Amino acid sequence: MNAPLISGDLAATEADVSPATIRKWVQLGHLKAAGRQGRRAMYRLEDVFAAERSVRLGHAT
């Protein structure tokens, strides 16, 4: 079963960061969009949490 995709705004809320932080994680390669809804990038929640752990632990992905 495919995991539901969430918007960057919801991803930021779930990770307790700002939407700009989500965009920065994408820019730095810590997080990759799993799909798109129109022009809006969509993410898997588990990927967001993995990126958060990676950044907080200081690991490059």
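## Overall dimensions and fold

A compact globule of 61 residues would have a radius of gyration near 10 Å, and the value for this protein, 11 Å, agrees with that expectation. The model is a predicted one. Taken along the principal axes, the C-alpha atoms fill a box of roughly 30 × 25 × 20 Å. The protein exposes about 4300 Å², of which carbon and sulfur atoms supply 52%. Of the 61 residues, 31% count as buried.

The protein has 3 helices and 3 strands. From the N terminus on, these elements follow the order β-α-α-β-β-α. Among contacts between residues at least 6 apart in sequence, 56% join residues at least 24 apart.

## The sheet

The 3 strands form an open sheet in the order β1-β3-β2, with antiparallel pairing. Its edge strands are β1 (5–7) and β2 (35–37), each of which pairs on one side only. From one strand to the next, the twist averages 45°.

Strand β3 comprises residues 40–44 and is joined to β1 by 3 bridges, the two strands running antiparallel. β2 and β3 likewise pair in the antiparallel sense, over 3 bridges.

| Residue | Bridge partner in β3 |
|---|---|
| Leu-5 | Arg-44 |
| Arg-36 | Ala-41 |

The hairpin of β2 and β3 has 2 residues between the strands, and in this hairpin Gly-38 takes a positive phi near 70°.

Four residues of α1 are buried: Gly-8, Ala-11, Ala-12 and Ala-15. Seen down the axis of α1, the buried residues fall within an arc of 100°, so they line one face of the helix. As a general principle, an α-helix has 3.6 residues a turn, so residues three or four places apart point the same way. The cover over the buried residues of α1 includes strands β1 and β3 together with helices α2 (19–28) and α3 (45–57). Just after α1, Asp-16 takes a positive phi of about 60°.

## Ala-51 in helix α3

Ala-51 is found in helix α3. Is this residue, Ala-51, buried or exposed? Ala-51 has a relative accessible area of 1% and is therefore buried, the cut-off for burial being under 20%.

Which residues are in contact with Ala-51, leaving aside its neighbours within four places in sequence? The contacts of Ala-51 beyond those neighbours are with Trp-25, His-30 and Leu-31.

## Summary

Definitions and conventions. Residues are numbered from 1 along each chain as its sequence is written. This is a predicted model: local features need pLDDT of at least 70, side-chain atom pairs count only at pLDDT 80 or more; totals for chains, interfaces and linings use all residues. Side-chain values use heavy atoms; hydrogens and water are left out. Two strands pair if DSSP finds at least two bridges between them. Axes are lines fitted to C-alpha atoms, for helices over the stretch in contact, and angles run from 0 to 180 degrees between N-to-C directions. The radius of gyration is taken over C-alpha atoms; the globule rule is 2.2 Å times the number of residues to the power 0.38. Buried means under 20% relative accessible area, exposed over 50%, partly exposed in between (1.4 Å probe, protein chains only). Contact means heavy atoms within 4.5 Å. Accessible areas come from the Shrake-Rupley method with a 1.4 Å probe; for residues, only the protein chains shown count as cover. The arc is that of the directions from the helix axis to the C-beta atoms.
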